[in-house]
Amino acid sequence: MDFELKTLSLAGAAGEKCDALVLLLSESFKPGKDALSRLAGEALKARDVEAKPGKLLQAYRSAGIAAPRVVLAGCGDGSGKRVHAAVQAAVGALRASGAKRLVIFLPADAKEDAVRAAVAATAESSYVYVATKSKPEGRELQRVTIGVADAKRQQPAFAAAQAAANGIEFARELGNLPPNHATPTRLGEEAKKLAKAHGMQCEVLGPKEVAKIGMGSFMAVAQGSDEPLRFIVLKYLGAASGEAPVVLIGKGITFDSGGISIKPSQDMDEMKFDMGGAASVLGTFRALGELKPAINVIGLIPSCENMPDGRSVKPGDIVKSLSGQTIEILNTDAEGRLILCDALTYAERFKPRAVVDIATLTGACVVALGGVRSGLFASDDALAQALLEAGETAMDACWRMPLDDEYSEGLKSNFADVANVAGRAGGAVVAAKFLQRFAGSFPWAHLDIAGTAWKSGGAKGSTGRPVGMLFQFLLDQQGTGPAKAAKRPAKRK
Ligand code: BES
Ligand code: MN
Ligand code: ZN
């Protein structure tokens, strides 16, 4: 979708040629003498619409207004959150109209968060999946103009929001692809394509190279599948070459059947979304490639299927991870941590200022936090704070979870250095404690996105989260020197 930011007055908005005009009414709305003001003023007076969030009124062929359709939408205090809800409602109401050209007029005192929210909500609510439909139809909206009082002042926020929206859409699209399309091989190809389009570096390793490096834990998960594994290394270098990078690691299980510890068949199709972490890393790189901020970022994606087979890894098998630690695999369905641990060890070679892994890791995290906030685990308070703040800014929030050492009690093994599962209690934290064993030498954070990466039921589909949070976090890290999030050495919690 094409977005444009434009300086507009109410009178100017009334004259804009488009299929539909959305006027956001905040509590501070001041009507002028133009046709649009008259319409809004009369509607407000008659209480047919209010500045209250959630209120919506549609008008058709209103005198003196160029757009045939006008939607008045209350946005309360004009904050990002309210604007997001109002734009979502307005774009939703216009969906059936077939409008191609849309103008969204923001309140005169709209801040950056309102601009960000308007772009995000428009992109989010107009996305339609068509990749595997025989008749690609549904997405009508082509061009959206965001009207503000001072376009120049809002331009940086607008550009970042647009890049984020494209990154989120890319992640959603990859996440929604069926598992026979979105294979590890396909993810590798998408990464290469992305790198080429935006002048980034990309390396895609296959089974032989990964064996040579010694990622025995990752290889164990992949060995039951006919699809060859891929280990994707993406490099976005926007700052001086000496500046320590942030490393993002995304879980790329393109289908999680559970393996020999097989899952129940109910809703098993949703395990195609188990590459949501990988998709979020690719989406974030897409946004980086478009906006080109001054920061260095490495993306690592271990990707494979988790399948039952005669060659599959079995409960009781012991494997040797890249770190040298041996792991007793007691449950083959706890495979995410097995591929991530080797990627965490691999990350050390980049001498990162911070490492963030993103994974649809545990059903327990869905129980704990539902689909509203992602679970955040961090060994470093400054890094945790930076991610929490980025999540709020991007309206893609997370919530910090504990990492007390007592949670790793159950991971003790009689036969290896560590087991891959413990009891059911505190499952999201136990998984994070397992990962922490492999993240010793840098400030580390783990995002469990099992509840937030996709929606189930009628609205089944990928959300593109947490691309918004990750991208905002990286933008916030610009120019913070060696590491805003890592002034102190990694502190174990
Ligand atoms: N991909 C799943 C986690 C998951 C489950 C995400 C349900 C979203 C919804 C992960 O690989 C998994 O199977 N985890 C197990 C871990 C358990 C065996 C310790 C789980 O959560 O049940
Ligand atoms: Mn699993
Ligand atoms: Zn999984």
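**Cavities, pockets and the ligand site**

By class, five nonpolar, five polar and one charged residues make up the lining of the second largest cavity. The model described here is predicted. About 60 Å³ of space lies in this second largest cavity. The residues that line the second largest cavity are Ala 171, Gly 175, Phe 273, Met 275, Gly 276, Ala 279, Ser 280, Ala 453, Ser 462, Gly 464 and Arg 465. Two helices, H5 (151-176) and H9 (276-291), each supply at least two residues of this lining. The largest share comes from H9, with three residues.

In total, the structure holds three cavities of 30 Å³ or more. The largest cavity contains about 140 Å³ of space. It is lined by 13 residues, and those closest to its centre are Val 91, Leu 94, Arg 95, Ser 126 and Leu 141. Helix H3 (80-94) and helix H4 (112-126) each contribute at least two residues to the lining of the largest cavity. By class, this lining has six nonpolar, four polar and three charged residues.

The open pockets were examined next. The volume of the largest pocket is about 1200 Å³. Its lining consists of 48 residues, and His 84, Glu 124, Ala 394, Met 395 and Asp 396 lie nearest its centre. At least two residues of this lining are supplied by each of H3, H4, H5, helix H12 (381-393), strand S19 (454-455), strand S20 (461-462) and helix H14 (467-477). Among the contributors, H5 gives the most to the lining of the largest pocket, with eight residues. By class, the lining of the largest pocket divides into 20 nonpolar, 16 polar and 12 charged residues.

Ligand 1 sits in the second largest pocket. The ligand is surrounded by 16 residues, of which Asp 256, Lys 263, Asp 333, Glu 335 and Gly 363 are the closest. By class, the shell around ligand 1 has seven charged, five nonpolar and four polar residues. In the contact with Glu 335, a polar side-chain atom of the residue lies 2.8 Å from an oxygen atom of ligand 1. In the contact with Asp 274, an N or O atom of the side chain is 2.9 Å from a nitrogen atom of the ligand. Leu 361 takes part through its backbone, where a polar atom is 3.4 Å from a nitrogen atom of ligand 1. On its own, ligand 1 has 520 Å² of accessible area, and the protein covers 76% of this area.

Two features of the backbone were also noted. Most residues other than glycine have a negative phi, and most peptide bonds are trans. The peptide bond from Arg 465 to Pro 466 is cis, with omega near 0°. Pro 466 is found in the loop between S20 and H14. Lys 292 is placed in the loop between H9 and strand S11 (296-306). H9, at one end of this loop, is the helix that gives three residues to the lining of the second largest cavity.

Terms used: Residues are numbered from 1 along each chain as its sequence is written. Chains are lettered from A and ligands numbered from 1 in the order in which they are written. This is a predicted model: local features need pLDDT of at least 70, side-chain atom pairs count only at pLDDT 80 or more; totals for chains, interfaces and linings use all residues. Side-chain values use heavy atoms; hydrogens and water are left out. A residue is near a molecule or strand if one of its heavy atoms lies within 4 Å of it. A polar contact is a pair of N or O atoms within 3.5 Å; within protein, one must be able to donate a hydrogen and the other to accept it, and residues adjacent in sequence count only if both atoms are side-chain atoms. Accessible areas come from the Shrake-Rupley method with a 1.4 Å probe; for residues, only the protein chains shown count as cover. On a 1 Å grid over the protein atoms alone, a cavity is a set of points where a 1.4 Å probe fits but cannot get out, and a pocket is an open set with protein on both sides within 12 Å along at least five of seven lines; lining residues have an atom within 4 Å of a point. A molecule sits in a cavity or pocket if more than half of its atoms lie within 2 Å of its grid points. Ala, Val, Leu, Ile, Met, Phe, Trp, Tyr, Cys and Pro count as nonpolar, Asp, Glu, Lys and Arg as charged, and the others, Gly among them, as polar. Grid points are joined across faces, edges and corners, and a volume is the space filled by probe spheres set on the points. Helices (H or I, at least four residues) and strands (E, at least two) are DSSP runs, numbered from the N terminus.
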